[in-house]
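Let's take a walk through this fold together.

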Amino acid sequence: MTTTPPKKTVLVPVASGTEEMEAVCVIDVLRRAGVEVTVASVEAEVLVEMSRGVRVTADVAIDDCRNRIFDAIALPGGMPGAQRLHDNAALTEMLKTQAASGRIVAAICASPVVVLQALGILGSGQRATAHPAFSDKLMCREAVEERVVMDGNVITSRGPGTAIEFALAIVEALLGQAKAEQVGKPLVMMS
């Protein structure tokens, strides 16, 4: 009898003012890879208005995720969305636990600085990148020009234009390079 391994799980929290391309590209690419993605609102409602007026309906409220373990937590950026993610007590506790356990924490755009660095998850010697409007605030600026950076269990990226590469890096970290290439090729991201 062959046992199917459990699906990898990723939490993608969203807030009012989240950058919609970064959220939707990550959700879509991860689901194409067969990852079980939970979209959680940090707002009072599950219907969230993103930074450019696109409305996204989350699967659940963040409080419904408090006692769940995810293989990765992937933070979209955008302002004031990143600040709203940072200010949510349930999410910040989950992020600290995630990082301390060695499981993947990923952040794009403003979130590497506004959330991860502010919470002490992104350390002073850790290579990372962020949106150009925030990259000068990174403690370690060695990799700020790179489109996607993985250092330990932390994956960071720059912005909407790197969102698919960021998502594929999460796929690779969870499921391997072959799976990332399999998903990326039909997206015309991999040759």
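A nonpolar core is a set of buried Ala, Val, Leu, Ile, Met, Phe, Trp, Tyr and Cys residues joined through side-chain atoms within 4.5 Å, where buried means under 20% relative accessible area, with a 1.4 Å probe and protein chains only. This is a predicted model, so to speak of local features takes pLDDT of at least 70, side-chain atom pairs count only at pLDDT 80 or more, and totals for chains, interfaces and linings use all residues. Residues are numbered from 1 along each chain as its sequence is written, and side-chain values use heavy atoms, leaving out hydrogens and water.

The largest nonpolar core here has 34 residues, and Val 10, Val 26, Leu 30 and Ile 170 have the most contacts inside it. Several elements supply at least two residues each, among them strand 1, helix 1 and strand 7 (104-108); helices (H or I, at least four residues) and strands (E, at least two) are DSSP runs, numbered from the N terminus. Helix 5 gives the most, with 8 residues. Zoom in on Leu 30: leaving aside neighbours within four places in sequence, Leu 30 is in contact (heavy atoms within 4.5 Å) with Val 10, Val 35, Val 37, Ala 167, Ile 170 and Val 171. Apart from this core lies another, of 31 residues, including Val 42 and Leu 116.

Now for strand 1. Of the 6 residues in strand 1 (residues 9-14), 6 are buried, so the strand is largely enclosed by the rest of the structure. Thr 9, Leu 11 and Pro 13 point one way, while Val 10, Val 12 and Val 14 point the other.

Who are the partners of strand 1? Two strands pair if DSSP finds at least two bridges between them. Strand 1 pairs in the parallel sense with strand 2 (residues 36-41) over 6 bridges, and there Val 12 stands opposite Val 39. Strand 6 (residues 72-75) also pairs with strand 1 in the parallel sense, over 2 bridges, with Leu 11 opposite Ile 73.

Step back and you'll see an open sheet of 7 strands in the order 5-2-1-6-7-9-8, with mixed pairing. Strand 5 (60-61) and strand 8 (148-151) stand at the edges with a single partner strand each, so one side of each has no neighbour in the sheet. Strand 8 and strand 9 (residues 154-157) pair in the antiparallel sense over 4 bridges, and Val 148 has Ser 157 as its bridge partner.

How values were computed: Buried < 20%, exposed > 50% of the residue type's maximum accessible area, 1.4 Å probe, protein only.
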